Amino acid sequence: MGQTKDGTSTFHLVSYRAADAVRVMDELRSALATCTTYTAKWPTDTTFEHLRSAGDPHQGDEGVSFRLDVVSSSPVGDDDPVRMLQSFQVIRSGSTVAVFSAFDTDAHRVKRVPAALVTAQMKVLGTGGHRS
């Protein structure tokens, strides 16, 4: 996780068998085509809504980008929910899936995953031994 004056960014790397990595990306694309809203009840009521495509990244073997609004009930119990806009880039490189995200509590600000973070990480993945 990293934070700058522009917001917070995170990334996770998940390693799969090669066929499973491709399947995960296919399943993500299918879910993004049909899912409109999801609500989780724990630890607070949180709704993920207004899912929209952000154009596919042109790195790795394949990738998808999307944005969604996150609306959470206030942790202190007042009436105003906490709203934020969250952006994702999910990129497969060989058998590794990299999940990059950026968010800001200003729900009207369009947050983008920092390009330098994605480029640097994808360069490392491109030289690794994870490819099959």
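The structure is a predicted model, in which local features need pLDDT of at least 70 and side-chain atom pairs count only at pLDDT 80 or more, while totals for chains, interfaces and linings use all residues. Residues are numbered from 1 along each chain as its sequence is written, and side-chain values use heavy atoms, with hydrogens and water left out.

The pLDDT, the predictor's confidence in each residue on a scale from 0 to 100, averages 82 over the chain, and 80% of the residues score at least 70. Confidence is lowest in strand β1 (residues 2–4), with a mean of 65, and highest in α1, with 94. Where pLDDT is low, the predicted coordinates should not be read in detail.

Two helices and seven strands are present in the chain; helices (H or I, at least four residues) and strands (E, at least two) are DSSP runs numbered from the N terminus. Along the sequence they follow the pattern β-β-α-β-β-β-β-β-α. Of the contacts (heavy atoms within 4.5 Å) between residues at least 6 apart in sequence, 51% join residues at least 24 apart.

Buried residues make up 39% of the 132 residues in the chain, where buried means under 20% relative accessible area, exposed over 50%, and partly exposed in between, with a 1.4 Å probe and protein chains only. A nonpolar core is a set of buried Ala, Val, Leu, Ile, Met, Phe, Trp, Tyr and Cys residues joined through side-chain atoms within 4.5 Å. The largest such core has ten residues: A21, M25, V64, F66, L68, V70, M84, F88, V90 and V97. At least two of its residues come from each of α1 (18–34), β5 (62–72) and β6 (82–93), and β5 gives the most, with four residues. Apart from this core lies another, of eight residues, including A98, V118, M122 and L125. Beyond four places in sequence, F88 touches V64, S65, F66, L68, V99, F100, S101 and V113.

The largest pocket holds about 280 Å³ of space. Its lining comprises 13 residues, of which C35, F48, L51, F66 and L68 lie nearest the centre, and α1, β4 (46–53), β5 and β6 each supply at least two lining residues. A pocket is defined on a 1 Å grid over the protein atoms alone as an open set of points where a 1.4 Å probe fits, with protein on both sides within 12 Å along at least five of seven lines; lining residues have an atom within 4 Å of a point.

Individual positions were also examined. R92, in strand β6, counts as buried because its relative accessibility is 12%. Beyond four places in sequence, R92 is in contact with A21, V22, M25, G60, D61, E62 and V97; R92 and E62, 30 residues apart in sequence, are 5.4 Å apart, C-alpha to C-alpha. A40, in strand β3 (residues 37–40), is likewise buried, with a relative accessible area of 18%. The C-alpha atoms of A40 and S72 are separated by 9.3 Å. A18, in helix α1, is partly exposed, at 34% relative accessible area; its C-alpha atom is 4.5 Å from that of S95, 77 residues away in sequence.

Note on methods:
Grid points are joined across faces, edges and corners, and a volume is the space filled by probe spheres set on the points.
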